[in-house]
Amino acid sequence: MTYSAGSTGHFQYRVTSDINYKENITFSDEKYLDRLSNLSIINFDWNRFLINNTALENRYENRNIGISAQELETEIPELVENIEYLGRSIKSINVMSLFTVLIRSIQELKNKNDDLEGKVNLIAKHLELAI
């Protein structure tokens, strides 16, 4: 994982993903779309008592949007881990792996869409023949 700040003040976050550094590669046929659909999108404010004098302190001024690690853990537990932060155990989401799950879900949607387009085209052809 690398972090860098650009000369224009933008922030970049990168994770090494070079296939040359990976072993035991298998291709997943896991379906995630239905599990992701079960998640609630929440709007929230950070608990000021819990984040006082921490790296999160400046984040409680604005309303936030996100998901709950606890809820995600019930659907896709491999994306959630417990970490120690300032002497407390808190749940953390592996955002980079979540991106991968989102890509897989987009692929699922595309496959469903392609199937539906094929069915619509077939029905349209049958209707043209009937006219």
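**Salt bridges**

I started by counting salt bridges in this predicted model, and I got four. I wrote down three of them, one at a time.

Asp45 and Arg63 make one, with their closest N and O atoms 3.3 Å apart. I looked up where the two partners sit, and the pair links distant parts of the chain. Asp45 is in the loop between strand 3 (42–44) and helix 2 (48–51), while Arg63 is in the loop between helix 2 and strand 4 (64–66). Asp45 comes out as partly exposed, at 48% relative accessible area. Arg63 reaches 55%, so I put it down as exposed.

Lys91 and Glu73 make another, and here the closest N and O atoms are 3.1 Å apart. This pair also links distant parts of the chain: Lys91 belongs to strand 6 (residues 88–93) and Glu73 to helix 3 (residues 69–75), 18 residues apart. I noted Lys91 as partly exposed, with a relative accessible area of 29%. Glu73 is partly exposed too, with 27%.

Asp114 and Lys110 were my next pair, and their side chains meet at 2.7 Å, N to O. Why do I find Asp114 and Lys110 about one helical turn apart? Because they are four residues apart in helix 4 (residues 95–130). For Asp114 I read 34% relative accessibility, so it counts as partly exposed.

**A charged residue without a partner**

Next I went to Glu108, which is also found in helix 4. Is Glu108 buried or exposed? I found it buried, yet without a salt bridge. Its nearest side chain of opposite charge is Arg104, 4.7 Å away.

**The overall layout**

I stepped back to look at the whole chain. It has four helices and six strands. Going along the sequence, I wrote the order as β-β-α-β-α-β-α-β-β-α.

I then looked up some totals. The protein has 131 residues, and 16% of them count as buried. Its accessible surface comes to about 10900 Å², with 54% of that belonging to carbon and sulfur atoms. For contacts between residues at least 6 apart in sequence, I noted that 47% join residues at least 24 apart.

The C-alpha atoms of Val15 and Met96 are separated by 7.8 Å, although the two residues are 81 apart along the chain. Val15 is in the loop between strand 2 and helix 1, and I have it as partly exposed at 36% relative accessible area.

**The nonpolar core**

I remembered a rule from class: in soluble globular proteins, nonpolar side chains tend to be buried together. So which residues form the largest nonpolar core here? I counted 10: Tyr32, Leu36, Leu39, Ala69, Leu72, Ile76, Leu79, Val80, Leu98 and Val101. Helix 3 and helix 4 are the elements that give two or more residues to this core.

Leaving out its neighbours within four places in sequence, Ile76 is in contact with Tyr32, Arg35, Leu36 and Val101.

**The loop between strand 2 and helix 1**

I finished by going back to this loop, where I had already placed Val15. Ile25 sits in it as well, between strand 2 (11–14) and helix 1 (33–37). Together with Ile19 and Phe27, Ile25 makes a nonpolar surface patch of about 390 Å². I have Ile25 down as partly exposed, with a relative accessible area of 44%.

Asn24 is in this loop too. I made a note of it because most residues other than glycine have a negative phi. Asn24 has 74% relative accessibility, so I list it as exposed.

Terms used:
Residues are numbered from 1 along each chain as its sequence is written. This is a predicted model: local features need pLDDT of at least 70, side-chain atom pairs count only at pLDDT 80 or more; totals for chains, interfaces and linings use all residues. Side-chain values use heavy atoms; hydrogens and water are left out. Patches are made of residues with over 30% relative accessible area and no salt bridge: like charges are joined within 9 Å, nonpolar side chains (Val, Leu, Ile, Met, Phe, Trp, Tyr) within 5 Å. Accessible areas come from the Shrake-Rupley method with a 1.4 Å probe; for residues, only the protein chains shown count as cover. Buried means under 20% relative accessible area, exposed over 50%, partly exposed in between (1.4 Å probe, protein chains only). Lys and Arg count as positive and Asp and Glu as negative; His and the chain ends are not counted. Contact means heavy atoms within 4.5 Å. A nonpolar core is a set of buried Ala, Val, Leu, Ile, Met, Phe, Trp, Tyr and Cys residues joined through side-chain atoms within 4.5 Å.
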